Amino acid sequence: MKIGVDYYPEQWDRELWKADADLMARTGVRLVRIGEFAWSRLEPKDGEFDFTWLDEAISNFSRHAMGIVLCTPTSCPPLWMYETYPDIVQVGADGSRLQTGIRAHRCLNAPMFLYYAKRITEQLAKRYANNPAIAAWQIDNELESYPCTCEECRGLFRDWLIDKYDDLNNINAAFGNIVWSGEYSDISQIQPPNAYPKAWQNPALCLEYSRFSADMTAKFANDMAMIIKRENPRAKVTTNTLFSENTPDFYKLFSNLDFVSYDNYPPVRLTDDEGMSSSHAFYLDMMRGVKQKNFWVMEQLSGPTGSWMPMGPTPRPGQIKGYALQAMAHGADTVMHFRWRTANKGAEMYWHGLIDHSNVPGRRFNEFAELCRIAPKLSVIETTELVSDVAILYSHDNAAAFRIQPQTEGFSYFEQLRYFHAAFSKYGVNVDIVPPDSDLSKYKAVVAPSMYVYDKNSAENIYRYVIKGGTVIMTARSGVKDPCNNCIMEPLPTVYREMIGAEVSEYDPIGKEEQTIVDFAGNSYKCRQWCDILELGTARAYAEYRDSFYSGKPAVTMNRYCSGVAYYIGTVCHMDFYEKFAGNIMKQTGIPRLKDLPKGVEVTTRTNGLDDYIFFFNNSEQEADITLPKAMFSILDDTEKDKLKLKPFDMEIVRK
Ligand code: GAL
């Protein structure tokens, strides 16, 4: 397991580089990421390249046997480029160009930007792709699906649509453009969805534009990776990703890259707000699910956050080390801390690194050093991975479509995923979060929350899984839309109706109002946001409504279908319901459960097929006591233990 840091040689004097490299080496840092914002130093003038400082920076660290993650600097074009080619800057929804002078404002489709981006990437690849110090490459930085509306993007979007639909008649039909006389009679009339008010835009157009932007972002990353691979086909190429308003389509973004890397900033204050009740581990599991492989953390929390927002609290004792180990417990093989030292200039001076402005390594640094010290003990888990009995399906299309039409007050696609994640995780099992069209045969239970936009492969995949004996859990707002984001004219959940064995006779989008449901065992739970009023076909009621004119009607159903079982939850509840429900599903599908884990304790297992390593992470501010079923060998302490006492944010890893 490697621990690394993010470093900005271009921001510091040479003397500091040396001192920093010495201290890194003494601390046990194995990797250093550099270069993602340094284009103006690499190409100070059009076509004049200067790599001497980068050569020096690389050898400054590689001299100490540290590997380098070299980034392409395309997220920060130099100002001379913006000046010469103003149309490389993105255009916002209001039609005006963004202001330059900060970062990431380039349009990924602008021809002159692409010309320069390819050229600098090629220059770097030619010079460094075969340098043994380079451990991996990062393309750009936090690529998003930018909703740019410049002329170039408009043109490409039109081509993209024609490519998909062949002609304007098909586009008009698919978008339902007759509504409000929106029919295109000329291709030039196709515009990105930026008319005002936003909520009145055509959902079909919006979803296609979001898919187009996601495709173009993935294409950019892929094209840049190919340039590097041309020089060295064995080069390991990634890009660091994040969750944001313009979250990229992770599945597409990484489809041709070697591994996923994620920027991991868990909140340092734990909350009792149940909407946030699943831990940050949710995002880690999601990152592992993108390629269904272990991943890297390219940026890891190192201090108080801040800068473009008010500063947040400093990480509690234990969190610097604990959250890095938590990432490993969920499949990270390498964790790089952002950043080695806190910037003292520039917009990000209050986003703290490991070393503060004081330049005196302190409490957080010492904890990081402790992490580096134990990292070699984790080498036994390098060849391990998480094998899960439970999967949750995440679809980028569904996430985008719900962002376009939020359904009802409080309804959140991600919240549903998080509830199920938290509910199953509470029993100490691994949970995968994977694409809906991935191989489901290995899972004992699959949760498919709100399968809103129909996708043939995914629907067939879910059916196939249940037909062959799987247990699926679906929820309200499934089967609502066709692939163009138009409503399907059939009783809900339309394509899934046969498998669910029940249909929605009517729905009630109750928003923040609360009602009650009662399950077959007489337990009652609050429900909210959405109520599907269900009519049973072959299904049986698992829970019924107790309020409103549909009191007594099924809210949750269970249906035996072929060799499998399909549940349908027609409403949204609170954590108590999901926890109990997950427990029942695990009982019925034979998934072993750890009961009575102390609050906040997270348990996952990594295996190499021979040995299982169990991670116990105390993600709470209280000490936790755990009794193991038998004595197990701690790989951190090299001792046998049958009881664990974990301080807040402590991790223990035992061999089963
Ligand atoms: C990330 C970004 C970094 C830095 C960091 C902290 O999103 O990739 O460059 O800005 O956040 O602010």
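I started with C206 and found it buried, because its relative accessibility is 12% and buried means under 20% relative accessible area with a 1.4 Å probe, protein chains only. C206 sits in helix α8 (residues 203–231); helices are DSSP runs of H or I with at least four residues, strands are E runs of at least two, and both are numbered from the N terminus.

A note to myself: this is a predicted model, where local features need pLDDT of at least 70 and side-chain atom pairs pLDDT 80 or more, while totals for chains, interfaces and linings use all residues. Residues count from 1 along each chain as its sequence is written, and side-chain values use heavy atoms, without hydrogens and water.

Leaving aside neighbours within four places in sequence, C206 is in contact (heavy atoms within 4.5 Å) with P193, Q201 and I404. I also checked A400, 194 residues along the chain from C206, and found 8.9 Å between the C-alpha atoms.

Then I turned to the rings. I paired Phe, Tyr and Trp rings (the six-membered one for Trp) with centres within 6.5 Å, calling planes under 30 degrees apart stacked, over 60 edge-to-face and the rest tilted. That gave 52 aromatic pairs. Y265 and W351 are edge-to-face, because their ring centres are 5.2 Å apart and their planes stand at 85 degrees. This pair links distant parts of the chain, 86 residues apart. W351 is buried at 9% relative accessibility.

Last, I checked charges over rings (NZ of Lys or CZ of Arg within 6 Å of the ring centre and within 35 degrees of the ring normal). The charged end of R477 sits over Y507, 4.9 Å from the ring centre.

Methods. Buried means under 20% relative accessible area, exposed over 50%, partly exposed in between (1.4 Å probe, protein chains only).
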